[in-house]
Amino acid sequence: MIVRDMHKSILPKRDQNVKAVIECKGVGIDFGGLCAVNDFNILIKKEEICGLIGPNGAGKTTVFNLLTKVYTPTRGVMYLNDKNTKSMNSIEANQSGIARTFQNIRLFKNMTVIENVLVGLHNEENCGIFESIFRLSKYWRSEDLLKKRAMELLSIFGMTNVADHISSSLSYGSQRRLEIIRALATRPSILLLDEPAAGMNSSETVELMENIKKIRDSFGIAILLIEHDMNLVMGVCETIGVLNYGVLIAKGTPREIQNNPVVVEAYLGKAKE
Amino acid sequence: MHRFNWLLIFSQFINGLQLGSIYALISLGYSMVYGIIMLLNFAHGDIIMVGGYIALISILNRFGPFISVFFAISGCAVISVLIERLAYRPLRKASKTSLLITAIGVSIFLQNLAQLIFSANGRPFPASSILKNNKMRFGKINVNSVTIITILISIISMLLLVILVHKTKLGKAMRAVSEDLESGQLMGINIDKVISFTFILGSSLAGIASIMFCCQYPLVNPTMGYMIGMKAFIAAVLGGIGSIPGAVVGGFTIGFVEIFVSAIGFSAWIDVAVFAVLIIVLLIRPFGILGRRLTEKV
């Protein structure tokens with residue numbers, strides 16, 4: 001079983017002593033005339049599990065796309081591990097410690113489960129073309145090491161027995177889990193999960209909750225998740241942000257959010273006088 | 001009724017293999033580039049012409065056969081990387097149509113540039129200074145040595161490609177990017193490097209094919225790449241564009257169809273037959289023989 005801090009030793013040096021894993025100050029983006037996200041401020045500390053909720057179309061996934069630099073923000077500044085992300089593209093953002101999953105699963109469908117994880121480990125492979133073609137000992141050493149690491153990661157969700165299956169043949173829940181593993185393989189300091197419980201039944205969701213906590217503990221990373229399943233959000237998150245029409249309308253602990261009249265209004269509408 | 005001529009059939013089979021392996025090598029380039037950036041790289045056919053001219057010039061300048069072949073292959077790789085950098089990379093985020101028109105433009109540019117430099121007249125290719133064509137006899141069958149060497153080298157190149165794509169870091173990245181470019185990027189894969197690598201692989205194979213083609217049909221002219229490129233493109237579509245085994249299957253299919261049609265005495269109908277096969281296959285399997293059914297992305 002996973003022991004606390006088990007995977008921590010593999011984290012890159014960058015994660016030591018940073019003030020905040022992610023800090024956004026006044027971030028916003030416009031699509032043409034539409035202001036999708038405006039004045040978004042958030043601070044996520046090391047090893048914090050943070051939830052992002054809000055009605056459909058509130059801009060939650062847009063925030064993820066901004067953080068991973070799929071979109072470039074129109075306004076504001078973002079810091080990733082205390083580094084300004086202004087000039088980064090999504091490759092550099094990933095290398096500076098951010099990894100994500102997608103709302104609609106985007107695995108490499110025709111590759112096997114272990115190959116998907118190995119792609120995540122891509123940047124750790126230091127074997128040249130020449131060595132790989134001629135199968136020099138360096139190739140085998142690096143191959144063994146990476147395979148071992150991939151299996152270790154797969155064991156988090158007990159998926160080692162399906163390592164050689166084609167990823168699209170897995171069940172929906174397993175594909176979601178594999179996507180999380182693939183993201184973890186890139187050694188992030190923060191993991192963004194876009195509706196990780198979508199399409200899961202209630203017992204799978206409970207299991208996922210346990211696993212999210214386990215991942216935080218054993219990897220020592222922060223997690224930001226978008227979710228509609230309130231049991232999951234309230235059960236696992238330490239802080240929650242509520243987005244409505246692209247604006248963060250509330251921030252706080254689960255209890256504070258549940259009792260916040262502004263949030264209730266955003267979800268259910270205003271009570272008639 | 002006269003007896004079935006097995007010898008004739010066998011030697012035509014070998015010819016089909018030879019032509020098919022040339023088409024396969026070229027269509028791999030089309031297919032790989034399409035798989036990565038969804039671009040029908042029509043300039044790929046003209047890379048063959050470039051390879052032919054580089055080999056021709058190197059031989060005329062008394063470089064040895066090995067060095068000439070090396071120059072031709074690496075020249076093709078360099079030119080195609082340049083094309084990607086200068087013409088396709090700035091348009092990475094533009095619409096697919098703009099990219100396609102650019103590819104056709106690059107193709108026309110290369111043909112006209114070659115015409116300016118070398119004139120429109122074809123030049124004989126000194127095939128014998130690269131590969132001596134000896135008649136080889138296997139029992140009752142006569143085979144040209146060029147034919148055998150073409151087939152062998154093509155098969156070796158394809159095996160090497162399979163190893164490259166399945167066993168190396170860049171190959172793995174290539175397969176990942178071809179399935180989902182954006183999530184590949186979010187995994188920290190440097191897509192610029194992967195795309196350049198793909199162009200280098202595809203055009204090196206085209207360079208090899210170009211030497212093989214010129215040794216069999218020893219005439220180099222500025223538009224030689226057009227028709228052979230078109231046929232290889234058809235081969236890629238036939239096999240399922242974006243699929244590496246598909247390109248090989250498509251290449252050999254087109255090669256065999258051409259040889260079969262000319263063997264039964266309709267050599268004027270070769271192109272008709274090739275396009276007819278394409279139409280029939282696409283009517284039955286719109287995504288090609290080994291192609292993936294494209295699913296709508298949400």
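Residues are numbered from 1 along each chain as its sequence is written, and chains are lettered from A in the order in which they are written. Because the model is predicted, local features need pLDDT of at least 70 and side-chain atom pairs count only at pLDDT 80 or more, while totals for chains, interfaces and linings use all residues; side-chain values use heavy atoms, without hydrogens and water.

**Chain A**

Select helix H3 (residues 113-120) and helix H6 (residues 172-185) of chain A. Helices (H or I, at least four residues) and strands (E, at least two) are DSSP runs, numbered from the N terminus. The axes of H3(A) and H6(A) are 7 Å apart and the packing angle is about 30°, so H3(A) is roughly parallel to H6(A). Axes are lines fitted to C-alpha atoms over the stretch in contact, and angles run from 0 to 180 degrees between N-to-C directions; roughly parallel is under 35 degrees, roughly antiparallel over 145, roughly perpendicular 65 to 115, and the rest oblique.

Now show the side chains. Val113(A), Asn116(A), Val117(A) and Gly120(A) of H3(A) contact Leu178(A), Ile181(A), Arg182(A) and Ala185(A) of H6(A); contact means heavy atoms within 4.5 Å.

After H10(A) comes Gly269(A), with a positive phi near 90°.

Then select Glu47(A), in the loop between strand S2 (34-44) and strand S3 (49-53) of chain A. Its phi is positive, near 60°, and Glu47(A) is not a glycine.

**The interface**

Show both chains. The contact takes 30 residues from chain A and 26 residues from chain B. Together the chains bury about 2700 Å², 60% of it on carbon and sulfur atoms; buried area is the accessible area (1.4 Å probe) that two parts lose on being put together, summed over both. On the chain B side, pick Lys169(B), Leu186(B) and Met187(B), which lose the most area to chain A, together 29% of what that side buries.

**Chain B**

Select helix H2 (residues 44-60) and helix H8 (residues 191-216) of chain B, whose axes are 8 Å apart at an angle of about 60°. H2(B) and H8(B) are therefore oblique to each other. Residues to show include Gly51(B), Gly52(B) and Ala55(B) in H2(B), and Gly202(B), Ser203(B) and Ala206(B) in H8(B).

Finish at Arg62(B), in the loop between H2 and helix H3 (65-88) of chain B. Arg62(B) has a positive phi of about 65°, although it is not a glycine.
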